[in-house]
Every structure is written in C-alpha cells, then in structure tokens.
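Keep the sequence and the 3D view open, try each task on your own, and then read through the solution.

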Amino acid sequence: MSRYVTSVFVALCATIALTSGRSTRCDVQACIDTGYVCGARRWADKFTPYASFRGVPYAKQPVEELRFKELQPLDPWEGYYDATVEGPVCPQHDVLYGGLVRARNMSEACIYANVHVPINAITPSTEETGLPIFVFVHGGGFAFGSGDTDFHGPEYLIRRGMIVITFNYRLNVFGFLSLNSSSVPGNNGLRDTITLLRWVRRNARAFGGNPDDVTIAGQSAGAAIAHLLTLSKAAEGLFTRALIMSGTAIPSFYTTSPVYAQFVSNLFVTSLGINSTNPEDIHEQLIRLPLAHIMQVNQIMQDQFGIVVFLPVVETPFDGVTTVLDEDPEILLDRGVGKDIPLIVGFTDAECETFRPNFEKLDILAKIKENPLLILSPNLIYKVPIETAMEYAKKVEKRYFNDGVSMDNYVQSCSDTFYIYPALELAKRRRAMKDAAPMFLYQFSYEAQFSVMKESKGLKYEGAGHVEDLTFIFRTNSMLDAKGFYPPSAEDQAMVEWMTWFIQNFNSCNDPVCDQYEVTVWPPVSQMPSLFYQDIKEPKFFITKLSPEQNEMVKFFESLRTYPIMWLIYVLFGMVHLSVGSIVSTVQGRIRGIEHEGFDCYIGIPYAAANGYGGRFKKASIAPTWLGIRESHDPYCTFRSETTDCLQLDVYVPKTGAAPWPVLVWVKSSGGDYHPNKLVKQGIIVVIARHRMGPMGFMCSKEGNIPGNAGVKDIVSALRWVRDNIVAFKGNPNRVVVAGQGFGAAMVEALTISPMAKGLFHGAIMQSGSILAPWAFNYDANDKTEYLQIRLNDTDSLRISILDIVEQSEELDVPYFPFGMCIEKSIKNEESLLSEAPYNALMKGKMSSVPLIVGYNTDEAYIFISTLQDIKVVKQMARETSHLLPAELQAMSEREMRPIVKQVTDMYFKNEMTTSSVLEYYRDAYFLNHIYRSAKFHACHSPVYFYQFSHSGNVGVLPEAEVKKTGAAHSDELAYLFPSEDIEFDGDDAVVHQHLIQLWTSFVKDLKPSGPVQWDTMEPQNPRLLDINTSPSMIDFPHRREMAMWEGIYEKYYFRRH
C-alpha cells in the first residue's frame, strides 16, 4: 500500500468519525476499509497491555443464497463497530475439545476475525514501520473449532511484539462439501482463509502492522490448510513464511481425492432426502434447508466416520470461482511448488494419545478387525487399487500389531501414519530441492507440569500428545480457573518463553534462532548430512538425529508409497473407484457385473459373513473383503446350504434414467428364481436378498448359542449393506422399500416392528403373508428346538451337520413349517429382533410409520390343491370336526370347540362341503384373516394400500383338471412381477403385468402407488381395497363377515392365551 493511499485511507476514516453522530467510548480503535472498529484494552500480564479487537467481520456473512458461495466483500458501516466481543462460532459438532472451548452461540453468520495488537502499536503504520503479523488457522479436523480466545489466547505471543490474528472459517459441510460445480465447488474453508489473508493485507497498517511481514500458521487441520495455501497460486504474496504444527499438505489423516469427495457428497445429499443428481438443483435445495436438518445429518456422518468427513479436494476450475487446489498436493510438492516459503514443521512425540478416548468410543480395534483398511491413511486407500490397499493393510498390521492387537499399538500406528511420518517425509523432500527456502523441523516432547490436554481429558501418558505444543504458544484461557494452570509453574513458563521466542525469531529472520550462535544449534534440514530435528523436551537445544526406530519407520512408509504414478493420475480424474463399464467398487472390493439389455446385474455379493462356527445360528458379522475383481456368480441357497452361501445378494441396476435410483429390496424366502428385469427397466434398483432358511435361519432356544430369528437378522444386515453401499451403484439410500411374499412378507412385517431395522427402509410391501400367522411365528419355538435336539441325540446343535439338522427337522410332527420367528431371550452382546409377541407390539402401535402395500390373492389356497386332494381333505373334514380348526386352535377343550366348529361350519359349509368351499376356508383361516388383521393394525398409524389380486391367467399356478381355478392362487402375482426374460405376455396377461409393474415401481419411487385408477388408503373401520385384474377398481372389502368371525376366535382362544 503506497504512502499516498495510506494517507487517503486515514483521512477517510477521520471523515467518518467526524460525520458520525455517535460518540465513542472506545478504549482502543482502528479504522479499516469498511469503517471504524472499537476494541478493548486488555492485559497479557500485569505489565503488558494490548488492544484486542474481537468479532471483526472480514467478509459478508455467507447466509441464505450465499450459504455455499465464495465470500463477498463487506459493505461499509457508519459509526463505530463494536469489536469487544467475539462473534458466533461456525456450525459444528465438536468431538475433541470439550470443556477447552466455552459454550458460545453458533451461527452460519460466523465470518469474524480477532485482532490482538501490542498497545503501543495501535496507530496506523507507514511503509517504513509496522509490526510482524502472525495469522493462525485453528485446527479441528476441518469440522469444528474456532479462533476464539478461550483456546487461542494471544497473551503469550503479544509479549513478543507481534500482531496476532485468529479467525473463523466455514467448517464441515459448509466449508468442504464439493458437488464439483460452480455453485458448490468445495474448499470453501480454504477460500475463506484466503479472503481473510486478503483482508489482513488491506487492513494491516490500520492496526500498526506490516502487510509484507505476515506469517501464516496452523495446527492439525489448520496446519494442513496453511501448508496447502503455500502450494496455491491464489494465495501468492499474502504471507512470507509458514509454521505448521502436526499437519502438512501431504494428505495423511485426510485425502484430497475427488473420488472420495464425490462419495461423501452423494452420501450426504441422499441422507438429506435430496434425490436430484443435478448439482444446481441440489444447491437450490441445500440453501433452503434448515440449518438444524443439515447439521443433524452432518453429525450422523461425523459420528460414523470418526472425526474427519468433509475434506479439501483437488478442484475443477470454474469461471467466477477462485481455484485454490488445482492439482494433487504431492504432485505440486514434487514440482517444487511452495519451496520459496520458509517453514517450521513440527510434531509431538505422542500425537494420537490425545485421541485415545475417541478411539475407544469408536471401538476402533473392532472396526479394524472387521475392515483392515481402516488402519491405513484414507489418502492411501483412495490412491491404490483395492487389492494393493489390502496388501498394505496387512503390512501395517504386521508391523504394529505383530505382538497382539492393542490400543497402545494402534495409538503408535496412528501417530506415525498421520503426523510423524508426513513431517519427516516433507523434510526429506525439502532437503532434496535445490535453492529452496529453509525448513526447520522439531519434535515437541516436553512433559508439562500442567498439561492442558491431559488435565482436561483425564488422560495419562508419557510425552506430549496432539495439541500440546500449541498450548505453549497460545494461552488456554478456558483453564484459568483450573488449579495449577495459572500462574504457570517455572518450568512451564520457561517453555512458553522458549516456544514464543522461536516464533519471534522466525518472524524476524525466517529462522527460529536467527543463527545467533557460533555453533548452529538448529540448522535447516538442508544443511545437515542426514535428517535431524530439534527435540523440544526442555528449554534447551537438542539437535537430534533420527533414531534407528524412526529411520525404520520412514523406510516402512516409503515402501507403501510405491504405487504407479499413472494410478494417481487415474484417481485424480475419477477413473477408478467408480463404475467402469460393468465394474463397481464397494467398500469390500470390486465386482464385475453382467450386462443385459437395459440393465446390469451384480450377482452373489456377500453382504455379511458367518460369525464363526459357534455363530452359525447368530447374527452374521460384517461383510468380507476381497482382492482383485469378484465375478458375478449365482449362489445356491436352500434349506440345506451353508451359512455363507445364503449371506449374499444380487443388485440389478438400470442403464438409463436419472440416478440416484430408488431401491426395492426383495426378501427371497424360497429357492425359486426371481427375474426383476421388468421392474428395473422402470428406473429402480432391485436388490434380491437371500438369507438363512429352515433351522439355520429360524431355530430358537433359551440358550445363548441359538437366540433365534437369524434369517430376519440377515435381512437387517442386507439393509445395512444397502444403506452403506448402494451409492456405489448410483442408488438412493434414503428411498428404500423392502418387500416379500408369503413367509417373506411375514419377515418384512417383523422388520416393521423391530427396533433393529429402524431407519433402514422407507416403505414396505407385504404380499400374502403376515407375522401374525402361526405358520410364520412360533410361540412354542423353544419346545421345537428341544424336541429336535432329542431326536438328534445331542443338545449341542453347533456340532451337528446342517444336513442332519434339516433331515431331522423335516421329520418333526408339527404343523406348518418346523421353525418360524420367535420371541428372543435377552442375550448380552446379541442384538434382539423381537423382544415381545408381534400381536402385542402391533396392538401397542410399536411399528415403523412407513407407507405399506398389503394384500392377498383371491384363491390363495389353490396352491395346495394337489396336497388337499391327496389327503382327501373333504372327507376328513366331514368325518372329524377337529379338522375344521387350524392346528393352533385345537388345544382348546371339547366344550370350547363345539360352538366354534359350528360357527365355521355355518360360515363355509352350511349347505354342502365342496372342494371350492374348503379352498375358501383354507384361504381365510390360514392367510386372509391374519393379513387383514395386520393391515388394520398398520392402517391406524401409516398409509396402507390394501389390495386383492384376482386375475387368473396363463402363468403362475396351473389349474388342476378336476378343480376349477376361480382366482389367483398363492404366489401367482410373482409370475407377473418377476417374469423370466423369455416370457412375452399377451392379451389379458399383458395388461395385468403392466398394471402390477406400474403400481409397484411407482410406490418404490414415490411411496405412493399410481396407476390406471386412484388407489385410496385403507380405513380400518370401513376398509376398501384395490381389486387388481385387467380393469383395476376400488371395491369394498368383500370378506368382512368372515374376518369378524376369525378375529373373535383368535382374539379369545389364541392371542390372549399366549
């Protein structure tokens, strides 16, 4: 800034002051480019006053339409701006600092700086004068933190004769979400920092500072930001030198991969319920969403990911947007970009001890056991093929966990991976550069008399953890009342003086000691024959050579950096970890699909793994990973299959239409084939989920090794897999409908009443099945298991082969299926699917409030016609009245049974017992009365679209010669929903097929079916349904009289007795 411009600027401020009608009572004031700011006189200690300007806006607040925009210039104000109180902090979810930061207001209007100036310097400076300026970027995983004085008190540094500036920048979603578009380009947090630095340059002299003598500094994520800006053309000329503490531009605890940015943005957007794939549409919806809604999803993702979620990213340049990071940082460093900036780079000797409570809360050791890739730097995961990453993970595991998996070992691995090695690697790169500015390396290992981090978090460890060096540069004012913190001990005060002296010198001569000694006590890394660092373990010089262990560690991590440069280029341009042809990358590994006309299918994807031999009847464990490309193959899952064969699913993905696509998860409850091609071509993803069947899926015992409901828990695991992975197939995890038929429908209803499945689906379809049916749910499940164990002559079912168990279970003299769902005993460390009887749960309204399609087929029992004829059921029922009641009702006394038998006889066989009337009886007794009761329960709390399928066509269950088929048999509708590719419908069948596909797919898309006629929701007191045939129409439920009878019978003699 020229002397003339400075004079004009001062004169302008004087004019503003004279024309303002407001009187000032400022302790201290300054005139910046937008007007006067009024600060407060404060004290660094009893001898050192300073001027403090807090909460000074440095740009227009990014609210409403500006929410994701680059910061805009401020409008000038009249009078004096009150800069005595800090502004609100940016929206955030803090998982680290806790009590170290005071509770303050949180707002999107958070773009404020805090400027602290030695009192004798608070007069506008000239070109020949001006104090050095220390601009500090706060840490917090790009997600939380602020520049407030509770944690960044300027008192220590002010005494060293410098201006100290801290500030807020946009965080998490607002600071680092990237849609790879001009409206949401990513890196807003970095862009905010550049805006702040430009503001500092314009206003430095107003505070008595020198705009050409600016040091940028940062810690952790703030250090990464500061170092990234040394590589950015957009930040050229805005600072002279950089101090980076526990973080570098070499991505370690973060990644700049555009692929990761796309993955996390897709997950975030779909979690908000935004279905558009157009970035501009998404932006329009994002700026209208309430802050609380955005932050709720942000918190969920942050808790799932750990600490860091939204990160800096290599950008695509857009007109009108300042490009901050146009290339991968490691490539920029290799080119020598930023080598003219003097650096101090530091790390602590026990970095990750600070995060130990976070790791314990995350149960990080268990997560690594489930997914070994988590032990790697996220940047490495996104820069190498998955098989290479798995190989590297094994190497890291061998190095750090060879003597056993422990938290201590993980903490060391974390410290080396994320902080220590990157600092050493950066030093090695600077050493190798010609004509580079000096870089000085330190390790902070001082054991404080009062450790802010240890005391505030209740930690005990040797050495210095993450953040501890920072507490000797900035005073932690939130701890002033803590016993032992203030005044500090002589040892701690000496360390404060030592650390701030280094910074004072660095500001003065780009050297932490200004080379004041005859013998170099802290040489730059380029002036030593090998790599050395300053070990700050007390206020003395300890120039230290890398130990053998550190050298070995460096060589180890260098061996993990040998991936081909072409792979890195592919990653940068998004050519891997995305669908390439019919190959999709999931968290587990890559899978090759099979191409069909209009869709691709990915067959046999493991969504869970058998939980060891002792867990064959328990909830499955996390999905396995694999190396290379997994080929699609059709697993063979039957009642006799091994667990692993059944824990697989198929994903069918459309080739056309607008992604992200809604998802239909079909519960495959039998061994039949399902061909969802007609559904998929309507623009939905279909997932066919297998599960354990028969005794392996539904044995239930009071013993802990067979808790029960394993088959339904498998579907819960499948739904969790869909939630976490369907984005890779361009699916929408926030529009998932789960569906099933027969026993599968009963399983779906179990999901609607189980807390275990809450939030995993958003609609449900139940075709011809209900959990209230005795063939689906067993009150006597434990008795059946004990009886089977007696037949097996062994009480330990874990040791018996599956074939033996299945064969013996088929011999059990029980009605219906040998095993069904059950009430589970509470077992430690085992999730429970059902803790009370389904009838009770439904009566109490304990179900998910999601829209449902519920229905039946008009001639359900016709599927059993051959069996009924073989056992001569008409003669048996005419001869033995007990056959007129389902098995579960036959336990009543003869006196109780007589009036019920008469009711049933009068309802169905008053005139004559015929095969037709027997089929109607079986339809109502075994299917419809339970389905109807379920539909009414759900309709009291959610939209229920009730139907009957009445079309009898040329597919499905074929008619028998002697018995006329008058409607749709059990499962007939499946032939229209899942026809094989070689079937071409014609005539009435084609019309019905079209109706069903349209109704079902529209429900998956909109959670409301649309079709040839308006389908009204069910009213429990006046039920109507959609009769689905060639001409669908709404009709009154035709079986109310029969249902009233069955409802009374089951209520009195079945449900109440259980």
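**Exercise 1.** Is glutamate 984 buried or exposed, and why?

Solution. Before starting, note that this is a predicted model: local features need pLDDT of at least 70, side-chain atom pairs count only at pLDDT 80 or more, and totals for chains, interfaces and linings use all residues. Residues are numbered from 1 along each chain as its sequence is written, and side-chain values use heavy atoms, with hydrogens and water left out.

Step 1: learn the scale. Buried means under 20% relative accessible area, exposed means over 50%, and partly exposed is in between (1.4 Å probe, protein chains only).

Step 2: apply the scale. Glutamate 984 counts as exposed because its relative accessibility is 64%.

Step 3: find its place. Glutamate 984 sits in the loop between helix H31 (974-977) and helix H32 (987-1006). Helices here are DSSP runs (H or I, at least four residues), as are strands (E, at least two), numbered from the N terminus.

Step 4: look around. On the surface, Glu597, Glu981, Asp982 and Glu984 gather in a patch of negative charge. Such a patch is made of residues with over 30% relative accessible area and no salt bridge, with like charges joined within 9 Å.

**Exercise 2.** How many residues of helix H5 are buried?

Solution. Step 1: helix H5 covers residues 221-230.

Step 1: check some names. Among the buried residues of H5 are Ile225, His227, Leu228 and Thr230.

**Exercise 3.** Which residues does asparagine 507 touch, not counting residues up to four places away in sequence?

Solution. Step 1: locate asparagine 507 in helix H16 (residues 490-509).

Step 1: asparagine 507 is buried, because its relative accessibility is 4%.

Step 2: list the contacts (heavy atoms within 4.5 Å). Asparagine 507 touches Pro132, Phe134, Met162, Asp213, Thr215 and Arg241.

**Exercise 4.** How many residues apart in sequence are alanine 436 and aspartate 340, and how many Å apart in space?

Solution. Step 1: alanine 436 lies in the loop between helix H14 (407-431) and strand S11 (439-444).

Step 1: the two residues are 96 residues apart in sequence, yet 5.7 Å apart in space, C-alpha to C-alpha.

Step 2: leaving aside neighbours within four places in sequence, alanine 436 is in contact with Lys339 and Arg430. With a relative accessible area of 23%, alanine 436 is partly exposed.

**Exercise 5.** Which side chain meets arginine 692 in a salt bridge?

Solution. Step 1: side chains of opposite charge can pair when their charged atoms come close. A salt bridge is a side-chain nitrogen of Lys or Arg within 4 Å of a carboxyl oxygen of Asp or Glu.

Step 1: the partner is aspartate 714, at 2.8 Å, N to O. The pair links distant parts of the chain, with arginine 692 in the loop between strand S21 (685-689) and helix H21 (694-698), and aspartate 714 in helix H22 (residues 710-725), 22 residues apart. Arginine 692 and aspartate 714 are both buried.

Step 2: Aspartate 1036 and arginine 1024 form a salt bridge at 3.0 Å, N to O. Aspartate 1036 is in strand S27 (residues 1033-1036) and arginine 1024 in strand S26 (residues 1024-1028). Aspartate 1036 is partly exposed at 48%, and arginine 1024 is partly exposed at 30%.

Step 3: the whole structure holds 38 salt bridges.

**Exercise 6.** Where is the cis peptide bond that has omega near -5°?

Solution. Step 1: most residues other than glycine have a negative phi, and most peptide bonds are trans.

Step 1: the cis bond runs from tyrosine 486 to proline 487. Proline 487 is in the loop between helix H15 (452-457) and H16.

Step 2: now look at phi. Asparagine 172 is not a glycine, yet has a positive phi of about 45°. Asparagine 172 is in helix H3 (residues 172-176) and is buried, with a relative accessible area of 1%.

Step 3: serine 768 also is not a glycine and has a positive phi, of about 60°. Serine 768 is in the loop between strand S23 (763-767) and helix H24 (781-792), and is buried at 0% relative accessible area.

How values were computed
Patches are made of residues with over 30% relative accessible area and no salt bridge: like charges are joined within 9 Å, nonpolar side chains (Val, Leu, Ile, Met, Phe, Trp, Tyr) within 5 Å. Accessible areas come from the Shrake-Rupley method with a 1.4 Å probe; for residues, only the protein chains shown count as cover. Lys and Arg count as positive and Asp and Glu as negative; His and the chain ends are not counted. The place of a charge is taken as NZ of Lys, CZ of Arg, CG of Asp or CD of Glu.
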